[in-house]
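This report describes how one protein chain is built and how its parts pack together. Please keep the structure in view while reading.

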Amino acid sequence: MDERLLDVDQYGVLRVPGTFWLGMAVLVRYWVLMLIMLVSAQQAGTIFEMMGNKVPWLALAGETFALAALIAAGSRQPEAGGVWRSIWSRTHVWVVLTAACNVAWFTYASTQGNWELTRAQVAMAGFALLDGCMAWIFVRSAYFRQLFSEFPVAAKQ
């Protein structure tokens, strides 16, 4: 038996593990970079330059699926609304959509310039591979399937 299935919170549902949060941080990396740019004025110029001196709106749009799943994970309370319950129960779909969008963004960005194996290009290729791995793990793992099926019972009025 998987011992992770015994780690429940005060509501009797599986606790969201650190591996989920880490995997989702990888999937929503452009949102994380934008947040770092907003918070840290010192790093904003470097991050903006790393992104080609433009905001990657398409990449940000593609990651909104996983961002919604992240918010739903943080909203796992009995008083959460039906929208968050619905999003959480379909997190495996949102992860696959986000991974597909990120890989498509990588493919698009790779075809727009010369492939010279720069550090940024190799990092993007590595992240595209990680996106596929995250989608595979979240979809194929019996543990994550169980996690995504659990949400605290709604509070009675």
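## Overall make-up

The protein chain has nine helices and zero strands. Helices (H or I, at least four residues) and strands (E, at least two) are DSSP runs, numbered from the N terminus. Along the sequence the pattern is α-α-α-α-α-α-α-α-α.

The model is predicted: local features need pLDDT of at least 70, side-chain atom pairs count only at pLDDT 80 or more, and totals for chains, interfaces and linings use all residues. Residues are numbered from 1 along each chain as its sequence is written, and side-chain values use heavy atoms, with hydrogens and water left out.

Of the 157 residues in the protein chain, 37% are buried. Buried means under 20% relative accessible area, exposed means over 50%, and partly exposed is in between (1.4 Å probe, protein chains only). Among contacts in the protein chain with a separation of 6 or more, 72% are between residues 24 or more positions apart. Contact means heavy atoms within 4.5 Å.

## Helices α1 and α8

Helix α1 covers residues 18–27 and helix α8 covers residues 119–140; they pack at an angle of about 140 degrees, with their axes 9 Å apart. Axes are lines fitted to C-alpha atoms, for helices over the stretch in contact, and angles run from 0 to 180 degrees between N-to-C directions. The two helices, α1 and α8, are therefore oblique to each other. Angles under 35 degrees count as roughly parallel, over 145 as roughly antiparallel, 65 to 115 as roughly perpendicular and the rest as oblique.

The crossing of α1 and α8 is left-handed, a term used if the near helix is turned anticlockwise from the far one by less than a right angle, with right-handed used if clockwise. On the α1 side the contact is made by T19, F20, G23, M24, V26 and L27, and on the α8 side by F127, L130, D131, M134 and F138. By class, the residues of this contact are eight nonpolar, two polar and one charged. Ala, Val, Leu, Ile, Met, Phe, Trp, Tyr, Cys and Pro count as nonpolar, Asp, Glu, Lys and Arg as charged, and the others, Gly among them, as polar.

## Helices α5 and α6

Helices α5 and α6 pack at an angle of about 115 degrees, and their axes are 9 Å apart. Their crossing is left-handed. A68, A69, I71, A72 and A73 of α5 meet W84, I87 and W88 of α6. This contact of α5 with α6 has eight nonpolar residues, no polar ones and no charged ones.

## The nonpolar cores

A nonpolar core is a set of buried Ala, Val, Leu, Ile, Met, Phe, Trp, Tyr and Cys residues joined through side-chain atoms within 4.5 Å. The largest such core has 24 residues, and F20, M24, L27, W88 and F138 have the most contacts inside it. Two or more residues each come from α1, α5 (64–74), α6 (82–89), α7 (91–111), α8 and α9 (142–149). Helix α5 gives the most, with five residues. A second, separate core has six residues, including M34, A59, L60 and W105.

Leaving aside neighbours within four places in sequence, F20 is in contact with L70, A73, W88, T91, F138, F144 and F148.

L70 lies in helix α5 and is buried, with a relative accessible area of 17%. Not counting residues up to four places away in sequence, L70 touches F20, W21, M24 and V28. L70 and V28 are 42 residues apart in sequence and 9.2 Å apart in space, C-alpha to C-alpha. Q121, in helix α8, is buried, with a relative accessible area of 16%.
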